[in-house]
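Keep the sequence at hand as you read.

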Amino acid sequence: MYIHEQSDWPAFRWDGEALAGVLGEVRHRQGRLIGRMEALGFRLREEATLATLTEDVVKTSEIEGAILDREQVRSSLARRLGIEVGTLTPADRDVEGVVEMMLDAVQFADRPLTRDRLFGWHAAMFPTGRSGLHTIRVGAWRDDASGPMQVVSGPIGRERVHYEAPSADRLEVETSRFLDWFNGRSGVDLVLKAALAHLWFVTIHPFDDGNGRIARALADMPLARSDGCPQRFYSMSAQIRLERDAYYRILERTQKGGLDVTPWVAWFLACLGRAIEASETILAKVLAKARFWEALAGESLNDRQRKVLNRLLDGFEGKLTSSKWASLAKCSQDTANRDINDLVRGGVLVKDPAGGRSTSYSLRGPDEANGEESVR
């Protein structure tokens, strides 16, 4: 029997005493983080928000197996937030859609959640009306025309059913009940409400696809309200991506259990605590980037150099070679070589130890001497 088949569904119960300690610790960490961030200058808070939201958008899609281009996501967010990041990368429609949904959820967390708002999010996420190779109902509840909504794994013919959602004919009632609760004032702590909203929505599973991403966006709404701050400095989705197997296990166990959801809420709170801890990494990168540019304040750099250096600072994957520079900066190989040579002579870049067929370069560490070698 699934949780939504219980006679008292959706009367969730939880052990407040058992959860009090971890909830108090999470709230304490929230307060400390927001306090630290508010002590930073406006520009650094903008950088931290951009880095956090970029991670959030990329990772919430990765959880479902959808890989988005990080630079497209970052550019789309920067444009919508009015943050100056230099040259912007054009974003695909599906990237724009996920960005639009996440920003709407966190920037307008106090606005009522309605069917139209959910339909708008769903339509933005699937602008072509397709999920992969399959046509889906967009901006509307699923109709189960091709069978019940199931979460399955395994090869065709040997599938394992992890979960089966309520039938489509129940969706009007189920979604109305969820929206009334979500928009109401239940007196439940907002962090607990985030955990319950996530579980409730993903259990209803009202769309053909995208339910997990929307459920995580819905959880971000009460979290944003609980922060008391319009900016985002931690990413729950990024932490869930790191713990994806545990996330799916606890969801499956909860959806096959009774209405006491204490284990799910406890896992959610612990995961949120780890997400807040992980924000230290984002803060450290933002501060390191600020110090880097302060040290180069008197240097004359062209737009290409600033763009590629920012890519390195934001977490460039792989090794930086002259050919990758040319691709990133959209310039010729000769121009890329000149740009790199200038930075090597200025001590900004250093040549990596020899190895492989291509010479590669890294940002100079604080204790490294200026380099003098040129690109060959």
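D220 is buried, with a relative accessible area of 2%. The model here is a predicted one. Since buried means under 20% relative accessible area, the 2% of D220 puts this residue in that class. D220 has its place in helix α8, which covers residues 211-227. Which residues is D220 in contact with, leaving aside its neighbours within four places in sequence? They are D56, M102, V106, R232 and M236.

Now turn to E25, in helix α1, which spans residues 16-38. Is E25 buried or partly exposed? E25 is partly exposed, because its relative accessible area is 37% and the range for that class lies between 20% and 50%. The chain also brings E25 together with a residue from elsewhere in the sequence: E25 and L269 are 244 residues apart along the chain, and their C-alpha atoms are separated by 9.3 Å.

The strands come next. Strand β7 (residues 360-363) runs antiparallel to strand β5 (residues 320-321), and two bridges join them. Strand β6 (residues 349-351) is joined to β7 as well, by three bridges, and this pair also runs antiparallel. The table gives one bridge from each pairing.

| Residue | Bridge partner in β7 |
|---|---|
| T321 | S360 |
| V350 | S362 |

To find these places yourself, you could begin with D220 in helix α8, move on to E25 in helix α1, and finish with S360 and S362 in β7.

Note on methods: Residues are numbered from 1 along each chain as its sequence is written. This is a predicted model: local features need pLDDT of at least 70, side-chain atom pairs count only at pLDDT 80 or more; totals for chains, interfaces and linings use all residues. Side-chain values use heavy atoms; hydrogens and water are left out. Helices (H or I, at least four residues) and strands (E, at least two) are DSSP runs, numbered from the N terminus. Buried means under 20% relative accessible area, exposed over 50%, partly exposed in between (1.4 Å probe, protein chains only). Contact means heavy atoms within 4.5 Å. Two strands pair if DSSP finds at least two bridges between them.
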